[in-house]
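Reader: I'm new to this structure and would like a close look at one part of it. Please walk me through the salt bridges and whatever surrounds them, in plain words.

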Amino acid sequence: MKMDRRTFLEISIGGSLGAGAGITFSPLPWKITDDLSIWTQNWPWTPVPAEGEVSHADSVCNLCPGGCGITVRKVEDRVTKIEGREGYPVNDGGICILGAAGLQLLYGPWRVPSPLRRAGKRGSGQWEQISWEDAIGEVVKKLAELRGNGKAHTVACILGSDRGTVPHLFARFLKAYGSPNFIRSASSGDTYELALGLMQGATASVAYDLEQASFILSFGSGLIEGWGSPVRVIRAHSMWRSGNMKERATVVQIEPRLSNTAAKADNWYSVNPGTEAALALGLAHVIIKESLYDSNFIRNHTFGFDDWGDFTGKTYTGFKRLVLTEYSPDVVSEITGLSRSKIVGLARAFAKAKRPLAVWGRGKGTTSGSLYECMAVHALNALTGNVNKPGGVSTLPPQLTEGWPEVYQDAAACSGCSMPRMDGAGTDRYPFTRCLPDRWPQMVNDKKNGTIQALLVHDADPYYTTLDSAAVAKAFASIPFVVSFSTYMDETAHHADLILPNHHYLERLEDVPTPIGLQKPILGLLKPVVSPQFDTRHTGDVIMTIAKELGGTVADAFSWEDYETLLKETVGDNWDTLEEAGYIEKTDYTPPAWENAFDTPSRKFEFYITALDQAGMKIGKDLDYLPHYEPVRAEGDPATYPLTLIPAELMRLASGAIGSPPFCTKSLEETELKGNDLFVEINPKTAADHGLTEAQPATLETPKGKAKVLVHLFEGIMPGVIAIPKGLGHAAYDDYLAGKGVNANSLMGVVEDPISGLCATWGIRAKLSPVGGHGHLG
Amino acid sequence: MPLAGFSAGLVVCLFVGWLVFPQILYSEKTQPIDFSHKLHVDEVGECDGCHYFREDGSFSGIPRLASCVECHEEAVGEHPEEAKLVAEYVKPGKEIPWLVYARQPDCVYFSHAAHVKMAELDCVICHGPIGDSDHTRPYQYNLITGYSRDIWGWNIAGMSKNAWDYSQTDESGEVHIDSPARMKMDDCAICHEEKGTNDGCFVCHK
Ligand code: SF4
């Protein structure tokens, strides 16, 4: 057969058609299609827990002070889900987004895998893995050297809180070692604790009987956003709404911005930011003027309501006169921007409610705030006599580590502990305050109380959370030796010299004290529900080892074999119950009756704070002894910075020391975070005045810093005010978590409260200028 | 001439599609131990002697080494496979990496409790008379998806057959299951439809 061109084409075309038909009538294309689709639905590189036995274990979440009970679902030794624990007194099955994302924190790439020693420049991210023995050895060597040179007091510890056995171990360590510098991270609890100390003589934290309150007046508290013990408050909120307390409770939100809480409230009153104290006093004015207060409580159990005279015959102005003369609805309307009729109406509704409760603590309560403002709000609860009563505000004494032997201090410890603190707390200027977490960077930078030679950080991320990030960075740079005990590569760990990583909270045993704001004491227990994923160690054990290696009286203060022994001994007879049930609740706890509730100099609830004089604070004017409105200035010149920047806390973002894992950030709206670009909210009117449009890139500038942001027009924010979400702009952790948005703390400064020295900042002056382009930042 | 080309193309491609392609698509592994179900069923009892439900209702699946150790801490017989079990797995305390013929893709949610306890299906309905077999058969897996060939079924055309249709008893009376069942979505759907149970997507794809 001759193969010419034509034959060739015929055979080729015929062959191709035949091949096509052959393939079509074979299983090949259909099977491959099916397999490919299965393959794409099950990418082999997507991690999937191995098959195995499913089990559940109960523990507690400690990612925030909420202390929720959790149930962890596991497949073999792999945690696959974290759920709220049914029947747990705090959250009864509920969980928040961060709690559910605890899984990502456990397995994410931000874990510190082993002890690390800095290998490059600070913050360069270059590390060298070292053994535990070497890591502990280095800390011991440095601390021994400082103590030997009479510099024990130059060592400081920053912790997330001062409650629970591990923080107590740190405090004990410092006491035995010889440093006064124990610092806990800032929270609204700092100020409330002080207000309770001054007005009620209580060493306690505040407790709210939210579940039984019938009228909740919130001065900017993010009740839905994650205030106090977040899941518990949200549960209380749904009770108020659904009225399963028989009557529906009324919720009024005072806030310059339409937050979720404001949106869900019965009434939302937008007041000029920073004027909340004036509003509280304006309400007090109406309540007093119209005799709507609880006269029995006021007459028998308070001091300084009326004018009073001392034994020399000198008379002093009481709260009543101050409020009646200074805070008429007209005056307060002028200050707050809220109409006279709304002020009067709100005061009447509040005072006439059965169980009215005024709550304080801005946002999630991650900043301390103004003492007078807190006292003014607390005074409202006193006026209605809703103190230590069901549906009211009460106090919860700290759970002390009873039974620990006394610390014997040698000469070095005594002299070290007698030195002034690095933050100035407890000095003549701020005699009442235990620590000033936002003040120390400035003090260190100004070399006010000498220098800090070594800083140990546990369960806190001061590098990220402290306001005025530039000052914080400078202060860190001046500290020669920074040790982090962090589980995660957070900002502080990233800028440390040595990291001695703690077990993750699902890998360790630890007590969890009563969640913030709860009215009954509960002791929860963190249990190791999964074996340690990395070469980490319990910080309780590590700090004891350090103490033991230091020797002498420091070692003597830690006679326990290990942390577990100490915890069991501390809990004592209740250990078995705690271990088995996972918590101990003192259901029979009730706050003391009014007769013996107040441990002030007058033995009464004090509107007039006599304790101020006793501490030798010669303030002078009557006014300063009474809750009053003292404007906390927003830093910055209004001419340069025409707008006011306030932080906004969102329910889907963690805004404290723990970075929000992708599970949280992915849930944000595209008007909050788009890619890595952060939106700030601004009223459309103000935007128009400044030539800004929706999604426009802009430069946000405050006296403390500058950032590129996108603009979101939002009718729900007061004109002249800009809101920036808190909890973004992490620079450490890893690529999944870092580089998203801007850290709001970097744009804020510290404004000191005159009495407490705590940070009273609520906002800062700012300007927002368009930078051209649209949609995203270059 | 074009017809000759067509026929040649057709024949070659039919050959490739039906006979060569399955050879390329699947690869084969042998189980770590040649296990006799028959022997164990005689000793231990029904399927649920080893493949039991836990207290919380979850299904234990393939037994862990611990179950084997209950009897085979030391070799109880002379069988070389048992000696292998003891030497390679029991002594070093290593789990046996069994290859699971019936494992569904990860996107499928399947509850044994719902099928065995509630719907009272016999194990044989899906798994065939595996309890009668004397040897483990080779585990074939798909090179694209990585899943067991049993899911698609051993008929490359995807013709549906029940597992037991493929079992063969040889002269000595040993049962071999050469080409077991299909376990594709359609097979689930047919039964769900017949029984009138929910066949919504979310039942199996959570
Ligand atoms: S509210 Fe706090 S304690 Fe509760 S689950 Fe969320 S992060 Fe954890």
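Author: Let's start with the term itself: a salt bridge here is a side-chain nitrogen of Lys or Arg within 4 Å of a carboxyl oxygen of Asp or Glu. Keep in mind that this is a predicted model.

With that rule, Asp599(A) and Arg603(A) make a pair, and their closest N and O atoms are 2.4 Å apart. Asp599(A) has a relative accessible area of 49%, so it is partly exposed, given that exposed means over 50%. Over all chains, the structure holds 42 salt bridges.

Arg118(A) forms a salt bridge with Asp497(A), with 2.8 Å between the closest N and O atoms. This one links distant parts of the chain: Arg118(A) sits in strand β4, Asp497(A) in the loop between α20 (491-494) and β19 of chain A, and 379 residues separate them. Asp497(A), at 8%, is buried, because the cut-off for that is under 20%.

What does the strand of Arg118(A) belong to? In chain A, an open sheet of 7 strands runs in the order β5-β4-β19-β18-β17-β6-β7, with mixed pairing. Its edges are β5 (127-129) and β7 (181-184) of chain A; each has a single partner strand, so one side of each is left without a neighbour in the sheet. Strand β4 (residues 116-118) pairs with β5(A) in the antiparallel sense, over 3 bridges. Helix α5 (residues 132-148) of chain A lies across several strands, including β4 and β19 (498-499), and runs at about 140° to β18(A).

Lys91(B) and Glu74(B) form a salt bridge, the closest N and O atoms being 3.0 Å apart. Lys91(B) is in the loop between α4 (80-90) and α5 (112-118) of chain B, while Glu74(B) is in the loop between α3 (65-72) and α4, so the bridge ties together parts 17 residues apart in sequence. Lys91(B) counts as partly exposed, at 48% relative accessibility.

Back in chain A, salt bridges also come as a group: Asp162(A), Arg184(A), Asp190(A), Glu193(A) and Arg434(A) are joined into one network by bridges that share partners.

Notes
Residues numbered from 1 in each chain as written. Chains lettered and ligands numbered in written order. Predicted model: local features only at pLDDT ≥ 70, side-chain atom pairs only at ≥ 80, totals over all residues. Heavy atoms only, no water. Pairing = 2+ DSSP bridges. Helix = DSSP H or I, 4+ residues; strand = E, 2+ residues; numbered from the N terminus. Contact = heavy atoms within 4.5 Å. Axes fitted to C-alpha atoms, helices over the stretch in contact; angles between N-to-C directions. Buried < 20%, exposed > 50% of the residue type's maximum accessible area, 1.4 Å probe, protein only.
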